[in-house]
Amino acid sequence: MSQCEAITSQGKRCKREALDNGYCFVPAHQKMAGTETNELPTLKSETKPWSTEDNPWVKDNMRLKGKHVGFRPRWIAATEVEKRHPWQVADKRNYGYKVETGEDTVLRRNELVLCEITEQLAKQREEYQKSKSMSAMQEARRIQLSAAEKKESMMKEKFENR
Ligand SMILES: [Zn+2]
């Protein structure tokens, strides 16, 4: 069996087993089937036409000077920031950058803006995502089971009506 082709929002390959079209049963991943515009990790798609793989400078450029303890950072497309609640634009001073007079506190790279959420919120969201994919799995199993039961009762009926 092959692995689902979908790339998750964390930029990792989905670990579930793929169906015939190369994607797992998760509806969002099924939607990706048949389209060429699979959701790529933000970093990759936002740094076009450069490739982060063969350009180490880009990678370094995206790396942060310091850590904001208790917060999880993420680069988000400047045009998307407003829609990405609860991610908030980070204050670059919290990540070890100086702010000159007259300069704002936003850290920018290409078209990206550094955002953050609290570590606590990040963990909550991870738990939520985990439970969501668990219930999707349970739902898929339930549908499978009820289909099997239907088939069985149909076979039984056929047999009894003979
Ligand atoms: Zn998947």
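Analyst: Two residues are in contact if their C-beta atoms, placed from the backbone, lie within 7 Å. The structure discussed here is a predicted model.

User: Which residues does A90 touch, not counting residues up to four places away in sequence?

Analyst: With the C-beta cut-off of 7 Å, and with residues up to four places away in sequence left out, several partners remain for A90. They are H68, P73, Y95, L107, L114, C115 and E116.

User: What separates the C-alpha atoms of L114 and A90?

Analyst: L114 has its place in strand β4, and A90 is among the residues with which L114 is in contact, as are P73 and W75. Along the chain L114 and A90 are 24 residues apart, yet the separation of their C-alpha atoms is 5.8 Å.

User: Is L114 buried or exposed?

Analyst: A residue counts as buried if 20 or more other C-beta atoms lie within 10 Å of its own. Because L114 has 23 other C-beta atoms within 10 Å, L114 is buried.

User: Which element gives the largest share of the largest nonpolar core?

Analyst: The largest nonpolar core has ten residues in all, including W75, A90, L107 and L114. Two elements, β1 (71-77) and β4 (112-118), each give two or more residues to this core. The largest share, five residues, comes from β4.

User: In what order do the elements of the protein chain run?

Analyst: The protein chain has four helices and four strands. Read from the N terminus on, these elements run α-α-α-β-β-β-β-α.

Notes: Residues numbered from 1 in each chain as written. Predicted model: local features only at pLDDT ≥ 70, side-chain atom pairs only at ≥ 80, totals over all residues. Core = buried A, V, L, I, M, F, W, Y, C linked by C-beta atoms within 7 Å. Buried ≥ 20, exposed ≤ 12 C-beta atoms within 10 Å, placed from the backbone.
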